[in-house]
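I open this notebook page to keep track of what I look up in the structure, in the order in which I look.

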Amino acid sequence: MRAMYLANYFVAGCIASSFLGWIASLHPIAFRAITFLASAAFTVWGLCWLLDFSVSSLLKISVSSLQAFLLALLAAGAIGAGVFLCS
Amino acid sequence: MQLKMFVLSGAAVALWLIPLTALDKRIGWHKSMQGLTLCAAIACAVTAGNIARELSEQGEIEAIKERAITADVIDEISTSAYISQQQRLQEAEQILNPVEALERALALPDADVERSPKPEIKQLAENGQNGALNEESERAERALQLRAKGWGKAKIILEVWGVSKGGSPKYKAAEAEYKRLTEGG
């Protein structure tokens, strides 16, 4: 059951990523805003990946859990964006 | 609950993929429908995730309860085993300690002793009586030996019974026993 709820949240992340793509396709200004948001999120993601020990102690979770979460976030974003772009 | 979760999960995936692939982005209302279905898909996925998390937590609680019940049962069994072992030890000590058992048996009224169903207590009482008889015969033998050596009555009573001559009840009892033993022998 734990796997089910993790899978559901992962699917929700994928759909949210597709939804951001859909918003970006509405207007050029929205596209720029989403591009800025995505680049900022990616920067934060990279910092978290590099500073994994500090961030894990800050969030009081294990390093492996943080890395799993970051990888799942990246995969969900990539899958959601890929689905939207390929459709 | 599980069925609801599975339906919501399937609905989320369907609402995510089908409108994106089936509808045309260049048509206005198609695009609007895509946006709506994506919002609905997010809602379905999050709801399904929450239900799955609740079920997972309930499963963990049930597992904890089961472990606690198992631990309680084990504790109860080990406690009862310990208590029964202690009882057996006490019974064994009572059997191996005849003096205490004899005292207890002698402390009982005659009727209780007669009614007492435990044969070991009777045996211990008989052993105690035998011991008293042995002690008496030893005293008689010792008194007769001293008398044969030519000792006087008062000296024999002092030596064997440890009571000096006088009008005390102990001396009188010892004297009576001396007479009974020596005259009887």
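The entries below go from the model as a whole to each chain, then to the contact and to single elements.

**Entry 1, the model.** I note at the outset that this is a predicted model, and that its scores are ipTM 0.83 and pTM 0.57. For chain B I looked up the confidence and found an average pLDDT of 82, with 83% of the residues scoring at least 70.

In chain A I find 4 helices and 0 strands, and the order from the N terminus on is α-α-α-α. Of its 87 residues, 23% count as buried, and among contacts in chain A with a separation of 6 or more, 57% join residues 24 or more positions apart. Chain B has 7 helices and 0 strands, which read along the sequence as α-α-α-α-α-α-α. I recorded that 16% of the 185 residues of chain B count as buried, and that residues 24 or more positions apart make up 44% of its contacts with a separation of 6 or more.

How many residues does each chain bring to the contact? I find 17 residues from chain A and 24 residues from chain B. On the side of chain A that touches chain B, the elements giving two or more residues are H1 and H4 of chain A, and H1(A) provides the largest share, with 12 residues. By class, I list that side of chain A as 12 nonpolar, 4 polar and 1 charged residues.

**Entry 4, H1 of chain B.** I then turned to helix H1 of chain B, residues 2-22, whose 21 residues reach 29 Å from the first C-alpha to the last, close to the 30 Å expected at 1.5 Å a residue. Its buried residues are B:Met5, B:Leu8, B:Ser9, B:Ala12, B:Leu15, B:Trp16, B:Pro19 and B:Leu20. I had in mind the general point that an α-helix has 3.6 residues a turn, so residues three or four places apart point the same way. What do the buried residues of H1(B) pack against? I find that they pack against helix H1 (2-24) and helix H4 (63-86) of chain A, together with helix H2 (28-96) of chain B.

I located B:Leu23 in the loop between H1 and H2 of chain B. Is B:Leu23 buried or partly exposed? I counted it as partly exposed, because it has 17 C-beta neighbours inside 10 Å, whereas a buried residue needs 20 or more. Leaving aside residues up to four places away in sequence, B:Leu23 touches B:His30, B:Met33 and B:Gln34.

I find H2(A) hardly covered, with a count of 0 buried residues among its 23. Helix H3 of chain A, residues 52-59, packs with H4(A) at an angle of about 105°, their axes 9 Å apart, and I therefore describe H3(A) as roughly perpendicular to H4(A). Here A:Asp52, A:Phe53, A:Val55, A:Ser56 and A:Leu59 in H3(A) meet A:Val63, A:Leu66 and A:Gln67 in H4(A). I class the residues of this contact as 5 nonpolar, 2 polar and 1 charged.

How values were computed: Residues numbered from 1 in each chain as written. Chains lettered and ligands numbered in written order. Predicted model: local features only at pLDDT ≥ 70, side-chain atom pairs only at ≥ 80, totals over all residues. Expected span 1.5 Å × (residues − 1). Buried ≥ 20, exposed ≤ 12 C-beta atoms within 10 Å, placed from the backbone. Contact = placed C-beta atoms within 7 Å. Nonpolar A, V, L, I, M, F, W, Y, C, P; charged D, E, K, R; others polar. Axes fitted to C-alpha atoms, helices over the stretch in contact; angles between N-to-C directions. Parallel < 35°, antiparallel > 145°, perpendicular 65-115°, else oblique. pLDDT = per-residue confidence, 0-100.
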